[in-house]
Every structure is written in C-alpha cells, then in structure tokens.
Amino acid sequence: MLSAAEATFDFRTLTVKALRPLLFEIKNHYQSSESVAKNKKNLVAFGVNSPEKDKEPIGFLLASINHNTSEEDSRWKSGLEILSLAVKKPWRKQRVATSLLHASIQFAKSAGLCGCCIDQPTTTGFASALEHLFSEKRGWCLSSESVIFTLDCSTSGIIELQKRFQLASLHQQRQWGWHVEQYPSALTPALKSRLLDPNIPKWARPIDLSQFPESDQVLPTHCRILRVENDIVGWLIAFHAGEDLIRYGKIWVDNLWQKRGGLVALLTDAVQAAHYPESYGGSLNFTSSIKYKRGCCSFARENIAMRKFSEKNFRPVSAHWVDIATKTLRFKA
Ligand SMILES: CC(C)(COP(=O)(O)OP(=O)(O)OC[C@H]1O[C@@H](n2cnc3c(N)ncnc32)[C@H](O)[C@@H]1OP(=O)(O)O)[C@@H](O)C(=O)NCCC(=O)NCCS
C-alpha cells in the first residue's frame, strides 16, 4: 500500500490525468471503516516498484472505499471501487496487475468491506487482459453494462450539433409546452412521486439532492428536470468528473416526452450552461462562471432511447466511446 507522498509523486504518471488530483486525497494512514464518515470517499493506492536498484514505479492501482447508505444501491454497504489500474509497458504480462489486484482485495477483506467493484472497459485494446483479471472464474460477476462517451466541446462538430439541437428544442418546446428547469434542491411532492415510481428502472431513478453523498460530486446547478405542468417527466444529473470535465448520468425522459423532444431539450440546456455559459439563454437564473471544456455522458445499455440517440448523434463526433461492464466481487460473510 502506498503512502500519500509515494502515490502523488512517484506513481502519478501511471494513472490518467483526470484522476491525478485525486492522488492528493490519499491518506497516509488508512482509517478503519468505522472511523470514516459514512457517505465519504477514502482513497487508497497500491504500487509495485521494479526490482532493480533504481526502483522505478512499474504498476499502480488506485481505489476508493465507498460507504453506501443509499437503499437504492443494494450492491453493498461498503466496498472497494477500483478506479484505475495500470502497468508500464515493458513490465506487462508478468502478473504485476494480478499482484496489485490481489493486494487490494486482501486489503478490502482485512478492512471489513463487503466486496470490490470495477467499471471495466470492454472495448479498449486491453479488454482481454481485463477480462482475465475480472473473470467469473476469479469470482467477479457482471452487475450492469453501460456506455460512456466524451465530447470535446470546443470542436466545430459539437458546436454545430449544439446549435441544431437548440433550434429543434425551441420548436418542440413551443409545440408541446414542456419546460427545462433546475433540479429541485429538496424533495418536492412531484419529485417524491417519481422517486417512488415502480416503473422507473433502478439505473434511471432520480435522486434526492439533499441526501446525495457529497463525495459523489453532484453539481446541483447543472442538474435538470423536464417539467410538464406540475409533473416531472424527465431528469438529468450532472457530476464533477475532473478539472475541465463534467459527467452527465441518470438521464431519463418518459416515453411520450422523448418523442416530443424532451431528451434533446434536457441535454441541450445542460450542455449550453456548462460548456458555453457566455451564451446561455435558458430560463434559469444561471450565474456559474465555470466553463467545462469537456463533457462525458454515461448511460445504461438498457436505456434504449439514449443509446439510439447517442449512437446517431454523438458517436460520430465523440472523442472517446467506451463500453463498460460493471463487475463486482462479493466477499463471503
Ligand atoms: C491491463 C493491464 C493493467 C494488465 O497488466 P499486466 O500486469 O500485464 O497483467 P497480468 O500480467 O497480471 O495478467 C493478468 C491476466 O491477463 C492476461 N493478459 C495480460 N495481458 C494480456 C493481453 N495483452 N492479451 C490477452 N491477455 C492478457 C494474462 O495472461 C493474465 O491472465 P491469467 O491470469 O488468466 O493467466 C495492462 O495491460 C495495462 O496497464 N494496460 C493499460 C492500462 C489499462 O488498460 N488499464 C485498465 C483500465 S482500469
């Protein structure tokens, strides 16, 4: 297990740039699960140095200990989420990743956690290595599948698309009378009825912002709802995902309102405010001066509407498009 200083200085190049700020949050001494506040993340890192004299860092695993109080997420009460795993090229295929994974699992067990999980990319060059590492044979189970794509909002392709969506939304809004609004900061009766709606699949359920863990980095000013009279018919939750990166997740619009431009409207309004705030003309009292250069969007594979829409519109202009398998390893009680 690495100390904060080692992880921050020696091993930083072994994780993606977007995750590097997290390394500063690594604690020197891991606190037992009881002493970590519920709903707070606690980061740990594991590293392997080369056996030679210069002790070059060759492998790194970054993970987060999550304490979950949300009843919606039945995966576990506490678990180790693997955020990043990398081995330097010349040292690959020598079981370095296997030993890092083993060390992190042993740590999770000794810390009394319920299991481990990872969002495993399945369409990158290392998909087959990851398939071996997180295989059923080794006790890992597939719990859900999703897609994540990233957009660089300064590219002309995205700017053109955004303009086209804005015009389409305006037209549909006039015709159907829905409104895009800021997500309620507290539980309103309309939101409560959707939270309890049995027809909403688990992956799409809206959230109660006042109860949502701070550690999940939700950005309340960037979350949206789609309202029709007094009903909420759609929502989008925005998360801070890096210095210049915002992530849109839990995107849902009721079937009827998808066909009436609701999905396009939700995304267009959120994207305009986050990435082009200087020309945001939405109906919200929006004062944020933070401009996010990039946006990423994640959605469950079962979210057919979002999948079709994104495949057609975003995939051709996306910077990255990755299929994800969320895998879990549960420890026996
Ligand atoms: C994926 C990665 C971490 C694997 O590291 P590694 O140290 O080479 O892995 P190991 O030597 O421990 O091998 C683990 C398993 O994968 C298999 N494997 C490793 N590389 C492989 C490859 N290129 N193709 C197919 N199988 C491979 C091994 O045979 C082994 O399988 P087994 O235990 O069933 O025999 C490494 O390739 C890497 O850093 N890739 C770039 C970063 C990345 O993609 N990270 C994952 C994002 S979280």
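Author: What follows describes the sheet, strand by strand and then helix by helix. The model is predicted, and local features need pLDDT of at least 70, side-chain atom pairs count only at pLDDT 80 or more, while totals for chains, interfaces and linings use all residues. Residues are numbered from 1 along each chain as its sequence is written.

The sheet is open and has 11 strands in the order β1-β2-β3-β4-β11-β5-β10-β9-β8-β7-β6, with mixed pairing; helices (H or I, at least four residues) and strands (E, at least two) are DSSP runs numbered from the N terminus, and two strands pair if DSSP finds at least two bridges between them. Because β1 (42-49) and β6 (179-182) stand at the edges with a single partner strand each, one side of each is left without a neighbour in the sheet. On average, neighbouring strands of this sheet are turned by 25° against each other, direction ignored, where axes are lines fitted to C-alpha atoms, for helices over the stretch in contact, and angles run from 0 to 180 degrees between N-to-C directions.

Strands β7 (residues 224-228) and β8 (residues 231-242) run antiparallel and are joined by 5 bridges, and Arg227 stands opposite Ile232 in β8. Helix α8 (residues 262-275) packs on the sheet and touches β6, β7, β8, β9 (245-253) and β10 (294-300), its direction making about 35° with that of β8; two residues are in contact if their C-beta atoms, placed from the backbone, lie within 7 Å. Helix α3 (residues 96-110), in turn, lies across β1, β2 (57-67), β3 (78-87), β4 (115-121) and β11 (320-330), and runs at about 30° to β2.
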